[in-house]
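Colleague: I have just opened this model and would like to be walked through it slowly. Could we start with the rings?

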Amino acid sequence: MSIPGLHLTRIGNGGFLLEPSRSLNIRDQDRLLEGIASRLQQDRASRLYYDLSEQALIDPVYYAWLDALARTIQAINVKMVCVHMQPTAAFALAQFIHEKPAFETALDISGWKKTGQ
């Protein structure tokens, strides 16, 4: 996938790992959503693991991006699981969300497979 700021890798059994870099520009959300959804649909994905290891804080803008991505790919029957969330990001996220997010969370990919399926 050739979208600047993202690395999308097939990891098997319908799973994909999305690794955003610091250069990810979520202001171009429509193009990002279309590109990611297209790739996942083309490859018949069932899960998208979103690696948050580089995200020290999650603010309302970044949460809106995660929510939009999760809802978009739900429309094509793909679940999104955020993995490797730092404690600071989890704490910040908990301060402003008021409903259950459209995505799931897990410590890592193997942790979700055990409890989330």
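Colleague: Which residues form one aromatic cluster?

Modeller: Tyr 63, Phe 96 and Phe 103 form one aromatic cluster. Before we go on, please keep in mind that this is a predicted model, in which local features need pLDDT of at least 70 and side-chain atom pairs count only at pLDDT 80 or more, while totals for chains, interfaces and linings use all residues. Residues are numbered from 1 along each chain as its sequence is written, and side-chain values use heavy atoms, with hydrogens and water left out.

Colleague: How many aromatic pairs does a search of the whole structure find?

Modeller: The search finds two aromatic pairs, where rings of Phe, Tyr and Trp (its six-membered ring) pair if their centres lie within 6.5 Å, and planes under 30 degrees apart count as stacked, over 60 as edge-to-face and the rest as tilted. One of them joins Tyr 63 and Phe 96 in an edge-to-face arrangement, at 5.8 Å centre to centre and with 75° between the planes. Tyr 63 lies in helix H2 and Phe 96 in helix H3, so this pair ties together parts that are 33 residues apart in sequence. Helices (H or I, at least four residues) and strands (E, at least two) are DSSP runs, numbered from the N terminus.

Colleague: Is Tyr 63 buried or exposed?

Modeller: Tyr 63 counts as buried because its relative accessibility is 14%, and buried here means under 20% relative accessible area, exposed over 50% and partly exposed in between (1.4 Å probe, protein chains only). Phe 96, at 22%, counts as partly exposed.

Colleague: Let's stay with H2. Where is Asp 67 found, and what is it in contact with?

Modeller: Asp 67 is found in helix H2, which covers residues 60–74, and it counts as buried at 17% relative accessibility. Leaving aside neighbours within four places in sequence, Asp 67 is in contact (heavy atoms within 4.5 Å) with Ala 102 and Phe 103.

Colleague: And the nonpolar interior? Which residues touch the most other members of the largest nonpolar core?

Modeller: In that core of 32 residues, Leu 48, Tyr 50, Trp 65, Leu 66, Leu 69 and Met 80 touch the most other members. Several elements give two or more residues to this core, including strand E1 (6–12), strand E2 (15–20) and helix H1 (29–42), and the largest share, eight residues, comes from H2. A nonpolar core is a set of buried Ala, Val, Leu, Ile, Met, Phe, Trp, Tyr and Cys residues joined through side-chain atoms within 4.5 Å. In soluble globular proteins, nonpolar side chains tend to be buried together.

Colleague: What is Tyr 50 in contact with?

Modeller: Beyond its neighbours within four places in sequence, the contacts of Tyr 50 include Leu 18, Pro 20, Trp 65, Leu 66, Leu 69 and Met 80.

Colleague: Changing topic to the sheet, in what order do the five strands come?

Modeller: The five strands form an open sheet in the order E1-E2-E3-E4-E5, and the pairing is mixed; two strands pair if DSSP finds at least two bridges between them. The edge strands are E1 and E5, each of which pairs on one side only.

Colleague: In which sense do E3 and E4 pair?

Modeller: E3 and E4 pair in the parallel sense over five bridges, and in E4 the bridge partner of Leu 48 is Met 80. The chain crosses from E3 through H2 to E4, and this β-α-β crossover is right-handed, a word used if, with the strands pointing away from the viewer, the path from the first strand over the helix to the second runs clockwise. E4, H3 and E5 also make a right-handed β-α-β unit.

Colleague: How many bridges are there between E4 and strand E5?

Modeller: E4 and E5 (residues 104–106) pair in the parallel sense over three bridges, and the bridge partner of Cys 82 in E5 is Thr 105. E4 is mostly covered, with four of its five residues buried.

Colleague: Last one, about the loops: where is Leu 52 found?

Modeller: Leu 52 is found in the loop between E3 and H2, and it is buried, with a relative accessible area of 1%. Not counting residues up to four places away in sequence, Leu 52 touches residues that include Ile 58, Tyr 62, Leu 66 and Val 83. The C-alpha atoms of Leu 52 and Val 83 are separated by 6.0 Å, although these residues are 31 residues apart along the chain. Arg 22, in the loop between E2 and H1, is exposed, with a relative accessible area of 72%.
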